[in-house]
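Dear colleague,

Please find the structure below, together with a short account of what was found in it.

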Amino acid sequence: MIVVTGATGQLGRLVIQSLLTKLPAAQIVAAVRQPERAADLAELGVQVRQADYTKPATLDAAFHGAEKVLLISSSEVGQRTAQHKNVIDAAKRAGVSLLAYTSLLHADRSPLGLAAEHQATEALLQESGVPHVLLRNGWYTENYLASIPPALQHGAYIGSAGDGRIASAARADYAEAAAAVLTLAGQAGKVYELAGDESYTLAEFAAELSKQAGQSIPYVNLPEADFKAALVGAGLPEPLAGLLADSDTGAANGGLFDDQRQLSHLIGRPTTALAVLIKAALH
């Protein structure tokens, strides 16, 4: 039995969908904070169990009988380490044979501020003695696709990534990789650096967007503080704006680049092309 935490999140739902192509629904557990949000998964025959990263008792119940667990990193930046520790401890009590964790690309040497909590979680996994595998996910292309509407509205695509090359991939590609690892044998101890087959600068992203949208959308590179201020001005919460601006600066320093193609190797096909994803975002 495979348990997927955060199963009603954007990545979690896609992992469940991919697992359903490999396993009977009854062998899959969707562990979620609010079970009522997983009614559609229950209708497919997936077991739905309540699991709150902050409430260890719910984790013990959710992991009962589990062979493998996918720990999808918490969305609550700043609280992740403590929450992840609860999951790791519960997995250890459950005696799981494999705990997979969605970390960050090159977490051990990443310049991104986001890396700190992933580093701490990886250390906790190592200390726990629980057999585990690290899925070090690169950037989701969707993170940049989300800025297409304002870019079209204002006639410019803004960021602070400079000439940094970004090897992002679609969220669905990462989900497929997680499902593959959860259903393959001999994964304990492995570390996967997962990124897209192709890389691009944000200027190249803007050029592809311009081509497909039929209007000139130049890339405007801003200092990190100015980019953060623009995001706050657009209505983003300050912590999220800061995280995105810091991540762009990290990208400028090579933090979102990798050319090993471990992701496409795992899923057995090329990662989804940027041009395809931009086209889908425009239609």
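**Overall fold**

Of the contacts (heavy atoms within 4.5 Å) between residues at least 6 apart in sequence, 75% join residues at least 24 apart. Please note that this is a predicted model, in which local features need pLDDT of at least 70 and side-chain atom pairs count only at pLDDT 80 or more, while totals for chains, interfaces and linings use all residues. Residues are numbered from 1 along each chain as its sequence is written, and side-chain values use heavy atoms, with hydrogens and water left out.

The protein has 13 helices and nine strands, taken as DSSP runs (H or I, at least four residues, for helices; E, at least two, for strands) and numbered from the N terminus. Along its principal axes, the C-alpha trace spans about 55 × 35 × 35 Å. Buried residues (under 20% relative accessible area, with a 1.4 Å probe and protein chains only) account for 49% of the 283 residues.

H8 is mostly covered, with 10 of its 13 residues buried, including Tyr174, Val181 and Leu182.

Ala188 lies in the loop between H8 and strand E8 (191-194). Beyond its neighbours within four places in sequence, Ala188 is in contact with Leu98, Pro131 and His132.

Yours sincerely

Technical notes. Buried < 20%, exposed > 50% of the residue type's maximum accessible area, 1.4 Å probe, protein only.
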